[in-house]
There are 2 protein chains.
Amino acid sequence: MNKVKPALLRGFDQEYLPQEQLQFNALVDVIRRNFELYGFLPIEAPSAERKEVLTSKGGVEKEIYALSRLAAGADDDEAATKGALRFDLTVPLARYVAMRERELAFPFRRYQIQRVWRGETPQARKGRFREFYQCDIDIIGRDKLSYLAEAEIPSVIYSVFREMGIGDFRIRINNRKVLKGLLQHFSVQEERAPAVLRILDKAEKEDASGIRAQLEAEGLPGASARELFELVSGKRGTRETLQVLAKYRDCEQGVGELSAIADAIRAFGVPDSAFGVDLGVVRGLDYYTGTIYETTLVNYPELGSICSGGRYDDLASYFTDTKLPGVGISIGLTRLFSKLKEAGLLKAPARTPAEVLVTTMEHQDLGEYLKMARMLRDAGINTEVYLEPAKLKNQLAYAEKKGFRVALIAGETEFAKQVVQVKNLAARSAADHPLGELVAAVRVLLQQSPELKSS
Amino acid sequence: MNKVKPALLRGFDQEYLPQEQLQFNALVDVIRRNFELYGFLPIEAPSAERKEVLTSKGGVEKEIYALSRLAAGADDDEAATKGALRFDLTVPLARYVAMRERELAFPFRRYQIQRVWRGETPQARKGRFREFYQCDIDIIGRDKLSYLAEAEIPSVIYSVFREMGIGDFRIRINNRKVLKGLLQHFSVQEERAPAVLRILDKAEKEDASGIRAQLEAEGLPGASARELFELVSGKRGTRETLQVLAKYRDCEQGVGELSAIADAIRAFGVPDSAFGVDLGVVRGLDYYTGTIYETTLVNYPELGSICSGGRYDDLASYFTDTKLPGVGISIGLTRLFSKLKEAGLLKAPARTPAEVLVTTMEHQDLGEYLKMARMLRDAGINTEVYLEPAKLKNQLAYAEKKGFRVALIAGETEFAKQVVQVKNLAARSAADHPLGELVAAVRVLLQQSPELKSS
């Protein structure tokens, strides 16, 4: 028979072995737990939305995947004619809130951990894929939303990445009103503001003279381009930045907000070592109107921002007249995971579901093994019974490959004495225990810190 | 501005409010926990696969969603030309195992909880949607797989649905070899066997004379059609069924297997009250070769099978020469959830992430509230601080709507006395506690069984 090559689509290729999947899931668990710790509740959206919903806010059409039937179907299928896959979680959130406005409690705090799809050119090196996970939180007010919501967001980010244990990180904040004030100060025309912001967004990554030339091409005089570039790319602490900004009268409102929010962020428990005001945070999107956030790993700045977002004034203006101001951030988890793996920063999960393997001997009564397994499972201990006839050596190799913590070994001799050999697979040590003490003995081993080999 | 209607696509419309999402997630947690309890490890596959992978085993092309770009993109995008969304989790599993054969530990036991997409006509009444979750486990052997794997599957199903607490259920098993033997006995031609099996699969739901007529149309004499129908649709216990089958010589091998597996299922701890041999289990797919499973709720047979599957001889013959026999089952969770909701069988989750709301008073120092929140979060208690200026009444209404268990109330008087009012929202009772005892007091309330109002 002709074989079909078992292969993945380019960009739809972040698929893991079970051991890696467990590491990925451990990150998801940290994120979920911390989102819930701050009062966010989960929602999920369908994968496909109406095209007009996705393009309402100006999604990039050539990056959106539309659906059709592989072969014509008889029945009318909206999804195949009007449906496309979401490219982010913000547009579905806007649609969700507009649809369910009357049923939701405001301020509406939701988290959402789902896949999104973007027809961009995949670059594994940059962690850019066509299908990837986003982990979002947003706080949506109805008509109004206190600036305190903007100050709270960094405390959630702080909580997530501290528990993730991926080294020092820095939550960098800026305020769109400050940037707007600067553009005003330098007399940038309103219609050129988006382009200028996009140039400034690259200021930290690209060559200084190139950025200045691009700013000049947008109509800024040489001296202004130099000053603006220097403001955005210069490295200063929070206090110094606010001092430097003090002389720009057009930034007064923005600086006032930024300063109040920085104070509140401290009150929310984020230490100064983990956050700072940084004019280099610009964010490309027009969308943001207040605080904007980026998060970088201190020892791996080349990974870029691992968590970004900001404040916006109106989430769902394309769907409803209700004003829905909000603030949110997004963690691009597939990208983060691929970069952490590359940098060797992934740790073995604190707990693996592969706990106990009951090895079996061919001529022994299966019932005895199943009884042990049942005792352990009743105690909430994950237990697999090896059901194929195989040499003990092969069963133990299986246990190791799958990452089991403990193996049980028993044959005629052990059953006659009513004991079982309990083997600590990481420590390569073993001891006999009476059957009646099995659960306790296994529990002691599982409570020791796991010495999982990384896969 | 012209508004876009915030609406969902037909069949892509199972989207929940946060309280419902929590109920859904509670079912996912039960399923995942029990899959792991039996030694299954997680994998996830990309949403889109190569078309030739999806159609290799004869997927129904008119039900498969292909991908394309909404607007033409400059770059070459495999997904947009060669990609389509998976319609089940079995074909991606076959591709996965064939791709990673050398890296996996066999028998390979994986669970997978993901969405699948099928362009069928949606019928909310039947719980049929175009996008839905499947929760699958499979055990894949390399070259061989013991019949004990077939006997173990019902114990996992039993464990899942017992913990789910949705009432009495019955795991009904049959064996393809028995069915094959019966068709042989009644001289059904090999090429007509698939059609006859599909007719028998409907025997329990459709009118007797109609089924008999359909069988006759496939070439069975009237008496044979009657006897076959009677065999498949008659209600008997396990022992009686095996006795009835004893007289069909062609079924000997199948009956032997079925009988051995029924014995082993008992050894695996499934009581006779929860499973039984039932010739009415037929399953449409050609694919199965040994034990086949269906699971029905005793009090809600009209929901149909909530968990089905079977043994197959060769998972990935389209991709590899390695013989990969396996056995697996699938829970159609979106459908099950929609039917449980309809039947009023959904219970409030044992634990809701919305634990404590710290209410705030406008002229009070925010720092005091944040300090309480930090104390609680440090103790692992999910805590939200209400950050908008609002009347206490409105804050409590918010807490109730969101399903919080506890609200904290403190103003000038309380802070002067270093106490806080701890309000049990379900019981509508409240008591003052010293700040130093806050964590302990809240913990006591959270440990009481939740009296969540269903949404």
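Student: Which share of the contacts in chain A between residues at least 6 apart in sequence joins residues at least 24 apart?

Tutor: A contact means heavy atoms within 4.5 Å. In chain A of this predicted model, 69% of the contacts between residues at least 6 apart in sequence join residues at least 24 apart. As the model is predicted, local features need pLDDT of at least 70 and side-chain atom pairs count only at pLDDT 80 or more, while totals for chains, interfaces and linings use all residues. Residues are numbered from 1 along each chain as its sequence is written, chains are lettered from A and ligands numbered from 1 in the order in which they are written, and side-chain values use heavy atoms, with hydrogens and water left out.

Student: How many helices and strands are there in chain A?

Tutor: Both are DSSP runs numbered from the N terminus, helices being H or I with at least four residues and strands E with at least two. Chain A has 16 helices and 16 strands.

Student: What percentage of the residues of chain A count as buried?

Tutor: Buried means under 20% relative accessible area, exposed over 50%, and partly exposed in between, with a 1.4 Å probe and protein chains only. By that rule, 60% of the 455 residues of chain A are buried.

Student: How is the size of an interface given?

Tutor: It is often expressed as the accessible area lost when the parts come together. Buried area is the accessible area (1.4 Å probe) that two parts lose on being put together, summed over both. Chain B and chain A bury about 10,100 Å² between them, with 59% of it on carbon and sulfur atoms. On the chain B side, B:Leu9, B:Glu15 and B:Leu70 lose the most area to chain A, together 8% of what that side buries. The contact takes 116 residues from each of the two chains, B and A.

Student: Where is B:Lys401 placed, and which residues does B:Lys401 touch?

Tutor: B:Lys401 lies in helix H14 (residues 392-402) of chain B. Not counting residues up to four places away in sequence, B:Lys401 touches A:Arg102, A:Glu103, A:Leu104, A:Ala105 and B:Gln19. The side chain of B:Lys401 reaches the backbone oxygen of A:Leu104 at 3.2 Å.

Definitions and conventions: Polar contact = N/O pair within 3.5 Å; in protein donor to acceptor, adjacent residues only side chain to side chain.
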